[in-house]
Amino acid sequence: MARKHRNQNQIKENIAGYAFVMPALVTYVLLIAFPFFLTLILSFTKFNFLKVRSLAKLGKYISWIGLDNFRTIFTDRRFVQSIGNTFVYALTTVPVSIVLGLVIAYLLNGRVFCKKPLRLAFFIPYISSIVALGAVFKFLFREDGLVNRALMGLGWIAEPWKWTVEPSLSKIPIIFLVIWTSLGYVMIIYMAALQNVPRSLYEAATIDGASGFQQFTRITLPMVSPTTFYLVIVRLIAIFKIFGSVNVFTMGSSIASNTSIVQEIYSSAFSDYAHGYASAQSVVLLLIIIFFTAINFGGQKKWVHY
Amino acid sequence: MKKREFSITLVKTLIIAVFALAFLLPLIWMVTSSLKNTNEVFAGNWQWLPREWKWGNYAAVWTDPDVSMFKAYLNTAFITVIGTVAQLIISSMAAYAFAKVRFQGKQVVFVLFLATMMMPTEVTIVPRFILFKTVGLYNNLWAIILPHFFNATAIFLLRQFYIGLPDDLMEAAKIDGAGHLRIFGQILMPLTKASLISLMVLSFISCWNEYMSPLIFLIKKPLYTISQVIRWYMLDDLQRYDLNMAAATSAIVPVVILFIFCQRYFVEGIATSGVKG
C-alpha cells in the first residue's frame with residue numbers, strides 16, 4: 001500500500017517536473033538539438049536549400065558527398081585564412097583586455113575619486129550595439145579619419161595609412177574595437193573578484209613589509225586566478241565566434257585579410273548559398289571551441305589557486 | 001601621512017581618468033559628428049565641434065519614410081520585451097523543476113541543457129534558416145524572439161539560486177495543500193527577484209544589440225531592427241556619415257541612460273554571470 005502510494009507520488013512528481021521543464025525542453029529540442037544534428041548531417045552534403053521546390057522531394061536536392069566538404073575546407077585558402085585571422089584576434093585581444101581590465105579594476109577598486117562615472121566610461125562600449133561602435137571605428141580608421149589625423153599630427157606617420165584596405169593593417173582596427181568593447185566586461189568581473197580577496201591578507205603583508213607591487217603579484221594575482229581562468233575561456237570562445245565587429249569592416253570589401261570564421265560561415269550560407277559547405281565550416285568551428293575549452297580545463301589544475 | 005594618501009588617490013584617479021577619456025573619445029566623436037553637416041565629418045579643416053549644429057539629422061533618421069529609426073525602435077523593443085520576459089519565465093520554471101522537483105530523468109535533461117553552453121548559436125545558423133523558412137517565420141520578428149526562450153546560463157544560475165532556498169518553505173506550503181504551481185509562483189519565485197533583475201539586464205543587452213539573427217531573418221525594411229538601420233546607412237550609396245552617426249547615437253544613448261539609472265543591477269547581473277557557480 002505504502003509502495004503504491006510512493007509510486008503515485010513519483011508519477012505526480014514526474015508530471016510536475018516535466019510540465020515545468022516543458023517550455024525550455026521544447027525550445028531546446030526544436031531550436032538547439034535538432035539544428036545541431038542537422039548541422040552534422042548537412043556537413044556531409046552538397047545542398048542549396050533555396051533550390052528546394054517541394055519539401056516532399058527534399059532527398060532529390062541533397063547530394064551526399066561524404067568528407068568532401070572537409071577536404072575542401074583545408075584547401076579553401078580564404079577559410080584557412082579566416083581561421084588564422086581568428087586566432088590572431090584571440091591571441092591579441094584576450095591577453096590585452098585581461099591585463100588592462102585587471103589593472104583598471106585594481107585601480108578602481110582602491111580609493112579613487114568619481115568611482116562610478118569612471119566605471120561607466122569603461123562600461124559603455126560593452127553594453128552598446130556592436131554595429132554602432134563598429135561604424136564609429138570604421139570611420140575613425142578611414143584614410144581621412146581621426147586616427148590618421150592624430151598620428152600625422154604627432155609626426156609618427158608621414159602620410160595617411162590605409163587601415164581598412166591594406167591587408168597588413170586591416171586587422172588592427174578590429175583588434176582595437178574588440179579590446180575597446182570587451183574591456184568593460186573583464187573589468188566588472190575582476191572588480192567583483194577583488195572584493196572577495198580578504199583584506200586581512202593585505203594587512204598581514206603590509207606588517208611584513210611587502211611593497212604594493214609585491215602585494216599585487218603575490219596576493220592579488222593568485223587570489224583572482226580562478227577568475228582569470230574563467231575570463232580566458234569566456235573571452236576565447238567569444239573571439240572564436242566573432243562576427244559583428246568583423247562584419248562591419250568586411251561589408252562592401254573583398255579582402256580576406258581580416259575576415260573571421262563565422263563571417264566566412266555566414267557568407268558561405270547566405271552569399272554563396274552553399275548550405276552543406278557552411279555546415280561543415282560550422283562543425284570545424286564547434287570542434288575548435290570544444291578543443292580549447294578542454295585544454296583550458298586541463299590547464300586549470302596547473303595554474304589556478306583555489 | 002593624510003596628505004600623502006590624498007595625493008596617491010589623486011594620482012590614481014588621474015591615471016584612470018586618462019584611460020577613461022581615451023575610452024570615451026570615439027563616442028564623443030560619434031555624438032559630435034551626428035550633429036554636423038555631412039561634408040564636415042571628414043572635412044580637411046576638421047574640428048571637434050560642429051560649425052552649425054544640425055539637430056535635424058536626428059529628425060531625418062527617426063522619420064525616414066524608407067527606413068525609420070522609430071519603426072526600428074518599436075521592432076527592437078518588441079523583440080527585447082517578449083524575448084526577455086519569456087526567457088525569465090521559462091528559465092525560472094525549468095530551474096525550479098531541476099532544484100525542487102524529484103522527477104525521473106532530471107539529471108539527463110539537465111546535462112543535455114548544460115552541454116549547450118559549449119555550443120554557440122552561430123554553429124546552427126544554417127538549420128535555423130531552413131527551419132524558420134519552412135515554418136514561415138522568415139521575415140518575421142518571432143524568428144529573432146524564439147531562440148531567446150532557451151538560455152542554459154539563465155537556467156543554470158537560477159537553479160543554483162533555487163537550490164539555496166530552504167526546503168522548509170516548500171514543506172510548510174505542501175502541508176497546507178499547495179501544489180508545485182503555487183509553491184513556485186507564489187512562494188519561491190518572488191524570492192529570486194534579485195537574480196531575475198540581473199538576468200533581465202543581461203537579456204536586455206543581448207536582445208537590444210543582436211546583430212546576426214536580424215541580418216539573416218529580417219530582410220524587409222519595415223522589419224529592420226536598430227542594428228540594421230545603422231548597417232543600412234553604412235551601405236547606402238549617399239554615404240551620409242552624419243545620419244549614420246545619428247543612428248549610432250540613437251542606438252547607444254538609451255542603453256547608457258538605462259545603465260546610469262540601474263547601474264547596480266547591470267554590474268551585479270554581469271558579475272553574477274561570471275561568478276563561479
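Let's start with B:Asn139, which counts as partly exposed because it has 14 C-beta neighbours inside 10 Å. Here's how that scale works: 20 or more other C-beta atoms within 10 Å of a residue's own makes it buried, 12 or fewer makes it exposed, and anything in between is partly exposed, with the C-beta atoms placed from the backbone. B:Asn139 sits in the loop between helix 6 and helix 7 (142-145) of chain B. Helices here are DSSP runs of H or I with at least four residues, strands are E runs of at least two, and both are numbered from the N terminus.

Before I go on, this is a predicted model, so local features need pLDDT of at least 70 and side-chain atom pairs count only at pLDDT 80 or more, while totals for chains, interfaces and linings use all residues. Residues are numbered from 1 along each chain as its sequence is written, and chains are lettered from A, with ligands numbered from 1, in the order in which they are written.

Back to B:Asn139: what is phi doing there? Phi is near 55 degrees, a positive value in a residue other than glycine. Most residues other than glycine have a negative phi. B:Gln239 also has a positive phi, about 50 degrees, and is not a glycine either. You'll find B:Gln239 in the loop between helix 13 and helix 14 of chain B, and it is partly exposed because 13 C-beta neighbours fall inside 10 Å.

Now for helix 1 of chain B. This helix, residues 2-33, has 32 residues and spans 45 Å from first C-alpha to last, close to the 46 Å expected at 1.5 Å a residue. The expected span is 1.5 Å times one less than the number of residues. Where does helix 1 of chain B bend? At B:Leu24, by about 35 degrees, with a proline, B:Pro26, following within four residues. That bend is the angle between axes fitted to the seven residues ending at a position and the seven starting there.

The buried residues of helix 1 of chain B are B:Ile16, B:Ala20, B:Phe23, B:Leu27, B:Met30 and B:Ser33. An α-helix has 3.6 residues a turn, so residues three or four places apart point the same way. Take B:Leu27 from that set: it is buried because 22 other C-beta atoms lie within 10 Å. B:Leu27 and B:Asn209 are 182 residues apart in sequence but 17 Å apart in space, C-alpha to C-alpha.

What covers those buried residues comes from both chains: the cover includes helix 4 (77-109), helix 5 (115-127), helix 6 (130-140) and helix 8 (171-195) of chain A, plus helix 2 (38-41) and helix 14 (241-261) of chain B.

On to the contact between the chains. 77 residues of chain B are in contact with 78 residues of chain A, where contact means C-beta atoms, placed from the backbone, within 7 Å. Which element gives the most to the chain B side? Helix 1 of chain B, with 14 residues. That side divides into 57 nonpolar, 13 polar and 7 charged residues. For the bookkeeping, Ala, Val, Leu, Ile, Met, Phe, Trp, Tyr, Cys and Pro count as nonpolar, Asp, Glu, Lys and Arg as charged, and the others, Gly among them, as polar.

Leaving out residues up to four places away in sequence, A:Met251 touches B:Met234 and B:Leu235. A:Met251 is partly exposed, since it has 14 C-beta neighbours inside 10 Å.

Next, the core. The largest nonpolar core has 148 residues, and those with the most contacts inside it are B:Ala94, B:Ile230, B:Ala247 and B:Ala248. Such a core is a set of buried Ala, Val, Leu, Ile, Met, Phe, Trp, Tyr and Cys residues joined through C-beta atoms within 7 Å. Helix 8 of chain A supplies the largest share of this core, 15 residues. Beyond its neighbours within four places in sequence, B:Ala94 contacts A:Phe20, A:Val21, A:Ala24 and B:Ile155.

Last, chain A's domains. The assignment gives domain 1 (2-64) and domain 2 (77-303), with bounds taken from an automatic or database domain assignment. Their C-alpha centres lie 35 Å apart, and the contact takes 10 residues from domain 1 of chain A and 8 from domain 2 of chain A.

Definitions and conventions: Two residues are in contact if their C-beta atoms, placed from the backbone, lie within 7 Å.
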